[in-house]
Amino acid sequence: MTPLSELAQGQQYPAPALYVVATPIGNVADITLRALHVLGLADRIAAEDTRNTGQLLARYGISKPLVAVHQHNERAAAQRIVEYLQAGERVAYVSDAGTPGISDPGAKLVEAAREAGFPVVPLPGASALATALSAAGDWAETFSFLGFLPPKAKQRATMLQPLAGHPYAMVFYEAPHRILETVSALAEAFGGTRRMLIARELTKLHEALHVSTLADGPAWLAADPNRQRGEFVLVVEGMTAQATGEADHDTLLGLLLEELSVSSAARVAASITGTSRNALYTRALALKKD
Ligand code: SAM
């Protein structure tokens with residue numbers, strides 16, 4: 001069998017070219033053999049934060065000239081990178097963590113390199129998006145990636161409103177200081193019954209994955225302040241037929257509960273909808289508590 005190092009070296013690594021290299025999202029061991037090979041091969045490494053990347057490279061025993069390419073200078077810095085490419089260099093680009101271009105700089109650099117006629121070679125690896133989705137479940141098989149929501153409540157609500165009828169699961173990134181507010185806003189915009197995965201600190205010491213309904217999310221986060229620390233991916237169920245059905249059940253149960261006990265409401269709702277009486281009882285109990 002061919003040794004892995006040979007497989008990593010066996011691919012074509014043209015020069016000049018821009019290499020877009022994914023790096024770990026927490027555990028530094030989550031780097032690929034090919035990423036290490038290309039970072040070692042590159043003449044120069046462009047990085048979102050050169051200090052951060054310098055430290056990461058040191059862990060892998062790699063030392064290269066670094067160039068800063070971040071959100072605020074990406075267009076201008078891309079021109080410098082194009083000059084390095086014109087000089088025949090292999091330039092690797094890495095963002096702070098994960099895959100460049102996914103809620104991270106990199107896209108403008110990719111366009112500038114391609115427009116100037118240079119190959120762009122992606123090196124796959126960690127991304128918080130794919131990591132969270134891989135542990136979500138079949139309700140998130142088709143999804144849309146939305147990234148960060150606007151920080152201001154009004155703009156966030158405006159963005160969420162048209163998404164309430166979106167048929168696919170939606171994936172959001174969020175920072176710790178806004179996580180509670182954002183999950184509450186999602187519950188308000190989409191209703192409480194949909195499933196949600198809160199994926200926190202993926203691949204790190206305090207990794208936590210919590211699946212609940214949107215309504216239960218804020219209470220879970222509030223129950224322990226540690227649960228609001230770190231980095232977050234939120235996966236929210238889309239407006240599926242089941243979710244639509246659940247919303248309809250809630251409306252029906254809500255009306256019945258105005259006149260009947262929990263068990264009677266569940267029994268009547270079960271005979272109207274043909275849905276399991278037990279499931280409706282549990283839901284009616286939760287609605288009554290709310
Ligand atoms: N390009 C990166 C990727 O491929 O995932 C994302 C960069 S974006 C600036 C940073 C956001 O990604 C964080 O605020 C968080 O929402 C998410 N994220 C990154 N690392 C994470 C981790 N280890 N666990 C959970 N979310 C993470």
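How many residue pairs are in polar contact between domain 1 and domain 2? In this predicted model, the count is two residue pairs, both at pLDDT 80 or more. Salt bridges between domain 1 and domain 2 number zero. On the side of domain 1 that touches domain 2, the residues fall by class into two nonpolar, three polar and one charged.

The protein is divided into three parts: domain 1 covers residues 4–126, domain 2 covers 129–236 and domain 3 covers 241–289. Taken over C-alpha atoms, the centres of domain 1 and domain 2 are separated by 30 Å. To the contact between them, domain 1 brings six residues and domain 2 brings ten residues.

Of the area that domain 1 buries against domain 2, 74% is supplied by Ile-25, Ile-102 and Ser-103, more than by any other three residues.

Attention now turns to the ligand, where one of the names above returns. The ligand is surrounded by 19 residues, and Ile-102 is among the closest, together with Asp-104, Ala-128, Tyr-173 and Phe-232.

A polar backbone atom of Phe-232 is 2.6 Å from an oxygen atom of the ligand. For Tyr-173, an N or O atom in the side chain lies 2.8 Å from a ligand oxygen atom, and for Ser-127 a polar side-chain atom lies 3.0 Å from an oxygen atom of the ligand. On its own the ligand has 570 Å² of accessible area, and the protein covers 91% of it.

Conventions: Residues are numbered from 1 along each chain as its sequence is written. This is a predicted model: local features need pLDDT of at least 70, side-chain atom pairs count only at pLDDT 80 or more; totals for chains, interfaces and linings use all residues. Side-chain values use heavy atoms; hydrogens and water are left out. Domain bounds come from an automatic or database domain assignment. Contact means heavy atoms within 4.5 Å. Buried area is the accessible area (1.4 Å probe) that two parts lose on being put together, summed over both. A salt bridge is a side-chain nitrogen of Lys or Arg within 4 Å of a carboxyl oxygen of Asp or Glu. A polar contact is a pair of N or O atoms within 3.5 Å; within protein, one must be able to donate a hydrogen and the other to accept it, and residues adjacent in sequence count only if both atoms are side-chain atoms. Ala, Val, Leu, Ile, Met, Phe, Trp, Tyr, Cys and Pro count as nonpolar, Asp, Glu, Lys and Arg as charged, and the others, Gly among them, as polar. A residue is near a molecule or strand if one of its heavy atoms lies within 4 Å of it. Accessible areas come from the Shrake-Rupley method with a 1.4 Å probe; for residues, only the protein chains shown count as cover.
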